[in-house]
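Subject: Structure for you to look at

Hello,

Here is the structure I promised. Please open it next to this email and follow along.

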Amino acid sequence: MLAQTKFVISGRITDAATGEGIPFANVAVKGTTTGTTSDADGRYKLEAARIGDSLLVSSLGYQNRAFRLIAITVQTVDAALTPAATRLQEVKIYAKGGDPAYRIIREVIRRRDRFDPDQLTAFQYESYSKVEAYVNNFAEKRKNGRKPGPVGRLLSRLPAMTDDSGKPAVPVWVSETFSEYYQRSNPDKTKERILKSRASGVGISDGGVAAQFTGASFQQYNFYRNYVNLVRKDLPSPIGQSWQTMYNFHLADTVTVGEFVCYQIDYEPKRQADLAFNGTVWIDTTSYGLAQIDARIDRRANINFVDEIRIEQEWESVEGTAGGNTARLPVLTQILIDTDEPTPNAPGALIRFYVAARNLKVNHPMDAKFYEPGIELSENYKERSSSYWETVRPESLSADELRAFEVVDSVRNVPFMKVLGRVVDLTVNGYLPIGKIHIDEGPLLNSYAFNNIEGHRLRFGLRTNAGFSRRWILGGYAAYGTRDQQMKYGLNLDYVISKKPWTVFGLQHSYDLERLGVSSENIGGNTLFAAYTRFGVYRRAFMQENNYAYFRREMGKGFTQTIALRNRTFEPLFPFAYRVQEANDQTTSSHYRTTELVFETRFAPGELMIQNDNERFSVEGSNNPVITFRYNLGLRNVLHSDFSYHRFSLNLRHTFRVGVLGRTRYNLNLGYVPSTIPYPLLNIPLGNETLFRVENAYNLMNFFEFVSDKYAGVMAEHNFEGLLFNRIPAIRRLKWRFFVTGSVLVGDVSVANTALIPSVDEQGRPVLGFQSLNRVPYVEVGYGIENIFKVLRIDAIHRLTYRNNPNIATFGIKFSAWVNL
C-alpha cells in the first residue's frame, strides 16, 4: 500500500545571504527520476510515487545541497543555498577614488579581446535548447477582490499543470532542439545545422519554422559585446564600452566559482528607468576573464509588458587557441521572461529558455561556402522519440517537464484554443485557413475598398499553403467594382526548384486598376498602407495588364540574385498622351506596352533566412547595411513593346547604434534613367496623403507630386529610446521615447523627357503634365513620441520646401501603432 501512496514535497529555494528566491533551481528526490525546477520566486512543488532519504537541490552559481526527507505524504522543505564559492580569508582593500570594482572592470575591458568569442578565428559546438511558455495568473482573485475575468474563467477550464507555487499554469509551447552551431571571422560567418527538433504549441502550423527560431542562432548572448540584443532591444553590457556611463559597481566578495577564483561584483544602472541590466558578474582574479554572470531587468526599465527578465550564464575555458592561450565560451545559458499583465484582469505569461553547449572546438574554420545557408534543417529533423532526447539532453527532465509535452498537446486540441490559433495566424499572415483542404483565403485587408472609380470594390483571394505542396504555391484573386462594373483578376504560380541553395521560379498574370505614384514596387511590404490606398479619390488612374516571370536564387549567404521578364500595358483613365519619336512630331499616342528584363541583386550580410516547406523570409539580425541594385532593360518590339530604355536604381538600408544616445536608421535611394520615355515610366517618389505614417514615404508629399529621371533621396530617423524622458521624473514612468526624423530628395527631369508631353491628347483634351524638382531639394523634418500607451506613435512633421505647391500641407500629424517592446 505504501508504494501506491503519493508523496508531495514543496517549499522555497532562496539565497542564504539575501533571502531572495532562486529561479531555475533543480530539485530531485535522491535515487529516483522524480524532479522539478523552481519558479521565478524560487518556489517548487513535486509529487513522487516513492520517497527517498534526501532531496537534492542545485542551481547555477550555488553549492549543491541535500536535505533529509521523512516518510510522510506531505512535507515542506525550504532550502537556503550559498554561492558555489569557497570563501577566501577576508581581505580588506583600501583604494583611493572609489570602489575597487571599477579598477577590476577597467582591467576586464582592457583584456576583453583575449576572451571575446568574436575575436576567435572560429568556434563550433553542439547545442541543446529547450523552450517552455506558460499562461499563468489567470485563476486568482485580483487585488480589488474581484473574481477572475471571462478569459481567466475560460483558461481555468483548460488542461493545466500546477506550477511551483501551487497555482495552475496552462502550457502553450514546449520545444527541444539539438543542433550544431558554427561561427568564423574574416569573413564573419555563422551557420546552424538543426539535426533534430520537436515542438508542440498552440497555433503551430509549421514545426520547421519553430525549430529555426528556437535553435542556437537566436540564443546568442555575448556579454563581451558592447550591447546584448534581447527581446529586440539593445542593452549595454556591464563589461562593454558603456560600463562607466551606464552602471554603478560594487565589489562584494572574492569567491571560487567552478575552476576560477573570482571577484564577485554587483552592478546596477545609474538611473533605474534606463534600459540596462542589474545583477552580479564573477571575474577571474588571475586573467580577468568572465566566469559567470547574472543579469536582470525589472519593470522599472524602459521596456513594455515585462515584469522581469533574468539571464544566468556560465563560461568555461576551451583549449586550442594560438600561443597556448585559453578562450572562453558560454556553455550554459538560462533565461526567464516573466511578463507583466497588460490589464488588471488579464493573465500573465512565463517563458523559459535553457541553452547548453558541449563538444566545443575553437580555431578550426570551415571553408566559407560551408556556412551557406546560415540556418539549415536536416531532412529528417522531426524527432519525437523520447529515447533519442534522453541521449542528447545535458540533464534529465523532471516529471513535470516531461508531462508538459502531453498537456500542451491536450491544450492545443481544445476547440477554443484551435480558434485562438487561427486568430493568431490571421493576425500575423492576413489569411484565414479554409477547412482541411490546405487553402487559405485572403488577405482579408484587401477584401473591401471604396474609391471614386470602382465605387464599392469587393475582392476574394485564395492561395495554397505548405500542407498542399512542399514545392508549389498557387494563388489568385478576383475583384469587382460596383461603379465601373469591371472585373479585375490576378493569378500566380511559384515553384521551389531547390532548397539548398534556395532557388524559386514564378509566374504572375493580372489585370487591375492602378494609379501613378502608388505601386507595389514603391510601397514595398506595407500591406496596411497598400490596402488603404485602394480607398479615396484616384488621380491619374489607369488599367494595367501585367505579365511577370522571375527566377530567384541565393548565390551565397545574404546574396540573392533575381532575373525577371515583365510585359505590361498602360491604359490611362485620365487625359494623357506622349509624342511618338519615330513618327512625325505631331503624332501622339495615349496607350503603350513595355517589355523589360529586370536584373536585381540584393546583398544583406549578417541576415538570417528562415524557410518553411515552400516559403522563405529574412530576419535582419545585424547592423550591416542591406543593399539592393536593380537594372531594367526595356526591349522594343519584343512582345509588342513600344520602347527601348535603361533604368538604374540603388537602395541602401542601414541601422546602427550611437552608444548611449540611441539608434539611427536611414534609407538611401539613388536612380538614373538615361532614356527618353513617357513620364509614367520615370521615377515617381512615394508620397503619403493618409493620416498614417509610412516608413518608406515622404509623409507630407502628395501622391504623384514630383517626377524625376535622376534622383537621390535619404530618409533618416534617430530614436533616443528613453534617454531624454527617463530623466524627467514626471513622465519617465510612462516609458515614452523621443525621436527625430528627416527626409531629403533631390532630382531633375531631362529636357527630352519633358518635351515628350503634347499640349492636347488624341481627343483634343488638355494633357496633364507633371512637376519636377529644381535646384531646391524637397525637405521635411519631424519629431515625435512613441510608446504612448505602449502601442501608439505620433509624428509631427514640417515641410520646409515647395510650400507653395497647390493642395499640400506644410505641417502634419501622422499616427502609427504596433505592439512595441
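Buried residues make up 50% of the 821 residues in the protein chain. Please keep in mind that this is a predicted model. The chain exposes about 38,500 Å². Carbon and sulfur atoms supply 55% of that area.

Now the overall build. The protein chain has ten helices and 44 strands. Its radius of gyration is 31 Å, close to the 28 Å that the globule rule gives for 821 residues, so the chain is as compact as a globular protein of that length. The C-alpha trace spans about 105 × 65 × 60 Å along its principal axes. Take the contacts between residues at least 6 apart in sequence: 63% of them join residues at least 24 apart.

Strand β27 (residues 472–481) runs antiparallel to strand β28 (residues 487–499), and nine bridges join them. Leucine 474 has leucine 493 in β28 as its bridge partner. The two strands form a hairpin with five residues between them. In that turn, glutamine 485 has a positive phi of about 50°.

β28 also pairs with strand β29 (residues 502–515), again in the antiparallel sense. This pairing covers ten bridges. Valine 496 has valine 504 in β29 as its bridge partner. The hairpin from β28 to β29 goes through two residues.

Last, the surface. Tyr448, Phe450, Leu458, Tyr532, Phe535 and Phe692 make a nonpolar patch of about 530 Å². Phenylalanine 450 sits in strand β25 (residues 448–451). Is phenylalanine 450 buried or partly exposed? Phenylalanine 450 is partly exposed, because its relative accessible area is 34%, and buried means under 20%.

Best wishes

Note on methods
Residues numbered from 1 in each chain as written. Predicted model: local features only at pLDDT ≥ 70, side-chain atom pairs only at ≥ 80, totals over all residues. Heavy atoms only, no water. Patch = residues over 30% accessible without salt bridge, like charges linked within 9 Å, V, L, I, M, F, W, Y side chains within 5 Å. Areas by Shrake-Rupley, 256 points an atom, 1.4 Å probe, with all protein chains shown as cover. Salt bridge = Lys/Arg side-chain N within 4 Å of Asp/Glu carboxyl O. Helix = DSSP H or I, 4+ residues; strand = E, 2+ residues; numbered from the N terminus. Buried < 20%, exposed > 50% of the residue type's maximum accessible area, 1.4 Å probe, protein only. Pairing = 2+ DSSP bridges. Rg over C-alpha atoms; globule rule 2.2 N^0.38 Å. Contact = heavy atoms within 4.5 Å.
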